[in-house]
Amino acid sequence: MAEQIRAIRTRQAILGAAAKIFEERGYQAATISEILSEAGVTKGALYFHFQSKEDLAFGVLNAQNQSLVVPDRAIKMQGIVDIVMLHTYRLQTDPMVRAGVRLTMDQLAQGLDRSGPFRAWAVPMREGLERAQSQGELLPQIDPAETADVIVGTYAGVQSMSQALTEYEDLVIRVTALMRHLLPSIVQSSVLTSLHLGESRGAEVYAEAVRAMEISQAREDLAS
C-alpha cells in the first residue's frame, strides 16, 4: 500500500512538473531534462510512468478532464451553461487545466494529436443540446451537433484571446459575454430568462461538483 501511494505521488509530481514546463515553454521547446529537474525525480522514475514526452503531454491533456460532473438540471440548457462556466473557473484556478489548454491550442506541437480535448468537449455539449431539444428548449432550426462545435470553437477563441491579453484575468467576463451573445440564437426566449449566467456561477458549480464527487466516493468506500 505504501509503495502504491508513493507511486501515485510520484506520477502526480511528474505530471505537475510537465504541466508547468509545457505551459511556460510550449510542447516543442519543453525537454525531458527540464521536467525531471522540476519534478525532482530520476529518469527511471519518469519512464516508469511515461514512455516519452508525447506520453507526458497526453497525461496533461487527459488530466484537464478531471472527473467533475455537472449535476443534472431540470433545464437542460443550464447544464450546458454550467459546463462552460465550470471549465472557465478551472482554467483560472487549476494549473493542470491551463497547461492542458495550452497544449490543445499549441499549433507548433508537431506530432502531438491535439484533437482529444475538442472531442471531449463536443460530446457532452451535443448530448446536452439533444436533451434540451427533446424538452423543447431550443429554437426549431438548431442542429445539436453543429451548435456544439460552434460553442466549443468560439470558446476556444475567447479563452485564447483572454490568455494573450490578460493571462485569463478577464476570462469570466469574456465568457459571460460570449454566452449572452450565443444563447439568444440557440434557446427559446422563455428558457433564456431562466438561465443563470452570473460571474460567480463557475465557482458555485465547482463547489457543487466537488461535493457530489466526495459523496459518491464516500458511498463507494462504504460499499467496499
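Modeller: Let us begin with D82, which, once its neighbours within four places in sequence are set aside, is in contact (heavy atoms within 4.5 Å) with V70, R73, R201 and V205. This is a predicted model, in which local features need pLDDT of at least 70 and side-chain atom pairs count only at pLDDT 80 or more, while totals for chains, interfaces and linings use all residues. Residues are numbered from 1 along each chain as its sequence is written, and side-chain values use heavy atoms, with hydrogens and water left out.

Biologist: Why does D82 count as buried?

Modeller: Buried means under 20% relative accessible area, against over 50% for exposed and partly exposed in between, with a 1.4 Å probe and protein chains only; D82 has 0% relative accessibility and therefore counts as buried. D82 lies in helix α5, where a helix is a DSSP run of H or I with at least four residues, numbered from the N terminus.

Biologist: What makes α5 and α7 roughly antiparallel?

Modeller: Helix α5 (residues 76-93) and helix α7 (residues 115-134) pack at an angle of about 160°, with their axes 7 Å apart. Axes are lines fitted to C-alpha atoms over the stretch in contact, and angles run from 0 to 180 degrees between N-to-C directions. Angles over 145 degrees count as roughly antiparallel, and α5 and α7 are therefore given that description. Their contact is made by K76, M77, I80, I83, V84 and H87 of α5 and W121, P124, M125, G128, L129, R131 and A132 of α7.

Biologist: Which classes of residue form the contact of α5 with α7?

Modeller: The contact has 9 nonpolar, 2 polar and 2 charged residues, where Ala, Val, Leu, Ile, Met, Phe, Trp, Tyr, Cys and Pro count as nonpolar, Asp, Glu, Lys and Arg as charged, and the others, Gly among them, as polar.

Biologist: How do you know that α8 and α9 are roughly antiparallel?

Modeller: The axes of helix α8 (residues 144-166) and helix α9 (residues 171-182) come within 9 Å and cross at roughly 150°, and the two helices are therefore roughly antiparallel to each other. The residues of the contact of α8 with α9 divide into 10 nonpolar, 3 polar and 1 charged.

Biologist: What makes α6 mostly covered?

Modeller: In helix α6 (residues 95-105), 8 of the 11 residues are buried, including M96, V97 and R98. At the start of α6, a side-chain oxygen of D94 reaches to within 2.9 Å of the backbone nitrogen of M96.

Methods: Parallel < 35°, antiparallel > 145°, perpendicular 65-115°, else oblique. Polar contact = N/O pair within 3.5 Å; in protein donor to acceptor, adjacent residues only side chain to side chain.
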